[in-house]
Amino acid sequence: MEIYRIEDLSFAFPLQEVDTLRKIRLVFRGGEFVTICGKSGSGKSTFLRQLKSILTPHGKRTGEVFYRGRAISDVDQRTQASEIGFVLQNPDNQIVTDKVWHELAFGLESLGCDQRTIRLRVAEMASFFGIQSWFHKRVSELSGGQKQLLNLASVMAMQPSVLILDEPTSQLDPIAAADFLGMIGKINRELGVTVLMTEHRLEEALPLSDRLIVMDEGCVLVDDTPAKGGASLRAMRHAMFAAMPSPMRIAAGAANVSSVPVTVKEGSRWLDAYLDGKQAARSEEKRPDGARLPRPVVIQCKEVWFRHERNGPDTIKDLSFEVEEGEFYCFVGGNGTGKTTTLSLLSGLLRPYRGTVRIVGRDPAKMKASELFANCLGMLPQHPTALFVKKTVESDLYEMLSDRRLSESEKRSKVEAVVRFAELEPFLSMHPYDLSGGEQQRAALAKVLLLEPKLLLLDEPTKGLDAFFKEKLGRFLKNLQSQGVTILMVSHDIEFCAAYGDRCAMFFDGSVAAEHEARTFFSGNSFYTTAANRMARHVWLDAVTTEGVIELCRRSEKRGDA
């Protein structure tokens with residue numbers, strides 16, 4: 001049965017000459033699981049918001065969206081609220097009540113359901129999603145993963161026919177993200193709910209999907225099964241092929257095959273078949289952690305304890321670690337373990353009640369802002385909108401240089417350079433809040449880089465970014481590192497940490513549970529590791545990047561030829 005029909009849909013934001021969406025024609029049928037991807041700014045989120053009237057942004061639209069054969073503008077708001085569920089990227093933007101049980105009931109109350117129906121549906125959703133143990137908690141006590149699961153359960157309590165999700169896992173750790181997407185797959189399989197989802201984490205999303213839609217500059221570039229869609233991108237040599245799952249890229253890069261695996265399981269089988277009759281190449285010896293030449297310590301936490309409330313639980317517990325000058329150090333770990341709090345301690349926003357925190361040998365909480373942030377420390381917060389204070393992106397960038405003793409031409413030169421790097425040219429006249437999540441991330445990063453910091457603290461810098469820009473960001477950060485900049489990054493992006501980090505540490509229960517050189521760290525984990533490692537570890541335990549596995553495959557091919 002046809003759920004949505006989109007006919008020649010185009011959309012432009014106010015005062016923008018170029019359409020964000022261009023002549024889109026699509027049909028979505030009941031029970032489909034559709035994943036939509038594309039570079040940041042390709043129109044994914046704008047497209048999804050056309051599918052529910054109350055979320056459609058202000059602008060000029062042509063063409064038509066039909067829901068169950070009726071123009072979406074003719075479908076009353078109550079029907080849309082109950083039948084079209086929408087889960088946003090940031091869980092905090094969707095939660096409206098203080099208690100978990102009330103959040104589950106809120107939508108049903110708004111629809112005017114009777115108390116008996118509300119109690120039954122709330123109990124059913126709490127059981128289905130495993131929420132019973134935190135049913136009476138305050139929402140503020142939940143982790144990011146729990147909040148997003150609560151959003152999903154609250155939407156599903158209204159028994160929608162369609163579930164639309166806009167990058168729902170962007171703020172979740174790898175395990176929480178996998179659990180969340182697994183729940184989406186279960187809803188699709190067992191309840192028959194149509195799922196339309198934008199997602200950058202394609203490793204977990206595509207195995208669940210019936211269709212892959214790739215958008216580029218507001219147009220539909222690919223619409224096919226995940227395997228055929230990936231093959232089409234590769235045949236086009238399109239940049240979005242770099243976002244496809246690691247098994248797909250490894251098979252294409254190593255053997256130039258037309259039929260590519262999508263899942264880790266399929267990738268492992270492909271690798272076994274590929275190596276059949278060949279002698280697997282030996283991976284390079286790992287450099288032991290102790291072999292690193294010592295450098296000055298510029299970031300240090302020693303026996304640090306911190307709690308947000310005087311009588312509350314400790315968030316940071318006996319935390320000790322050091323980061324050396326010019327090092328790229330990565331924190332990974334679950335939501336709510338204390339990683340972001342640690343960055344706030346390092347930037348002087350918070351002070352520990354016990355232990356010492358040092359930046360270049362000084363207590364950041366006792367340093368003046370002019371000392372701390374002028375060519376010393378730069379911090380990208382978890383929520384980039386916290387940095388925006390002006391009405392346009394351009395004004396926001398110049399605001400960072402307002403206290404600097406620079407000529408107008410010098411300021412203009414610096415802004416133009418960072419605009420080119422962050423690819424912000426089309427957005428300079430736009431309000432920062434009108435940008436997509438990935439575009440906001442790039443604009444916030446550009447502001448931080450204008451400080452020309454020697455120490456760079458990054459909280460989820462790849463959140464919302466497409467694979468193409470993530471690669472560009474990785475190269476840029478390595479270039480900064482080569483110039484002596486020290487980088488401390490909190491991230492759920494395991495692939496990015498494995499590709500660019502020097503050392504990685506597992507944050508757990510308010511402290512560092514373990515740290516190693518990146519390759520050693522990721523080759524020893526089951527879940528906090530890359531898809532490439534999970535696919536190839538039965539042959540090469542310490543191969544952790546897609547490029548590394550491709551290189552080993554090619555070397556094995558040469559050994560076979562010899």
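Directly after helix 8 comes Arg237, and its phi is positive, near 55 degrees. Please keep in mind that this is a predicted model.

Let us stay with helix 8, which spans residues 226-236. Which of its residues are buried? They are Pro226, Gly229, Gly230 and Leu233. When one looks down the axis of helix 8, these buried residues fall within an arc of 100 degrees, so they line one face of the helix. As a general point, an α-helix has 3.6 residues a turn, so residues three or four places apart point the same way. Turned away from the buried side of helix 8 is a face that carries the exposed residues Lys228 and Ala235. The cover over the buried residues includes strand 9 (211-216), strand 10 (219-224) and helix 9 (246-255).

I turn now to the nonpolar cores. The largest has 48 residues, and Leu424, Leu456, Leu477 and Phe522 touch the most other members. Helix 15 (residues 437-449) gives the most to this core, namely six residues. Leaving aside neighbours within four places in sequence, Leu456 is in contact with several residues, including Val448, Leu449, Leu477 and Ile487. Another core, of 40 residues, lies apart from it; among its members are Ala126, Leu142, Leu165 and Met183.

Strand 1 (residues 2-12) and strand 4 (residues 60-67) run antiparallel and are joined by seven bridges. Glu7, for example, has Glu64 in strand 4 as its bridge partner.

Conventions:
Residues are numbered from 1 along each chain as its sequence is written. This is a predicted model: local features need pLDDT of at least 70, side-chain atom pairs count only at pLDDT 80 or more; totals for chains, interfaces and linings use all residues. Side-chain values use heavy atoms; hydrogens and water are left out. A nonpolar core is a set of buried Ala, Val, Leu, Ile, Met, Phe, Trp, Tyr and Cys residues joined through side-chain atoms within 4.5 Å. Buried means under 20% relative accessible area, exposed over 50%, partly exposed in between (1.4 Å probe, protein chains only). Helices (H or I, at least four residues) and strands (E, at least two) are DSSP runs, numbered from the N terminus. Contact means heavy atoms within 4.5 Å. The arc is that of the directions from the helix axis to the C-beta atoms. Two strands pair if DSSP finds at least two bridges between them.
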